[in-house]
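Here are my notes on the model, point by point. Please read them with the structure open.

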Amino acid sequence: MATVTELKAVLKDTLEKRGVLGHLKARIRAEVFSALDDDREPRPTLSHENLLINELIREYLEFNKYKYTASVLTAESGQPAVPLDRQFLIRELNAFEESKDNTM
């Protein structure tokens, strides 16, 4: 009969192989940050430049499937929950979009 330690090791190994363990850890971190967030303490007002920078970082995180990291960024920075329009970002940054892969 397997010991509890052996069962834990097998479970951890299985979750790592499926790619679930990392997501679970990230989700727990995001929830802890959310629970610790003090709504009574006002955040500094976001400048236009910081809003754009944060939005670029959020787009990078979401593009790379770092959705929990992106949710922590949004919560901590005071960034609007709804992402800015991509075309607006392109115009504001005087950037251009590659039509074949939708990258800036």
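1. Glu31 first. The cut-offs matter here: buried means under 20%, exposed means over 50%, and partly exposed lies in between. Keep in mind that this is a predicted model.

2. The partner of Glu31 is Arg27. The two form a salt bridge, with 2.9 Å between the closest N and O atoms. Arg27 is also partly exposed, because its relative accessible area is 41%. Both residues sit in helix α2, and they are four residues apart, so about one helical turn separates them.

3. Helix α2 also holds Ile28. With a relative accessibility of 54%, Ile28 is over the 50% cut-off and therefore counts as exposed.

4. How many salt bridges does the structure hold? There are four. One of them, between Glu31 and Arg27, is described above. Two others follow.

5. In helix α1 (residues 4-18), look at Lys17 and Asp13. Their side chains meet in a salt bridge, at 3.2 Å from N to O. The two are four residues apart, about one turn of the helix. Lys17 counts as exposed because its relative accessibility is 68%. Asp13 has 34%, so it counts as partly exposed.

6. Are Arg58 and Glu55 buried or exposed? Arg58 has 2% relative accessibility, so it counts as buried. Glu55 has 3%, so it too counts as buried. Both values are under the 20% cut-off. These two charged side chains form a salt bridge, and the closest N and O atoms are 2.7 Å apart. Arg58 and Glu55 are three residues apart in α3, so about one helical turn lies between them.

7. Now helix α4, residues 67-77. Its buried residues are Tyr68, Ala70, Val72, Leu73, Thr74 and Ser77. What covers them? The cover includes α2 (20-36) and α3 (48-63).

8. Last, check the residue after α4. Gly78 follows the helix, and its phi is positive, near 80 degrees.

Methods: Residues numbered from 1 in each chain as written. Predicted model: local features only at pLDDT ≥ 70, side-chain atom pairs only at ≥ 80, totals over all residues. Heavy atoms only, no water. Buried < 20%, exposed > 50% of the residue type's maximum accessible area, 1.4 Å probe, protein only. Contact = heavy atoms within 4.5 Å.
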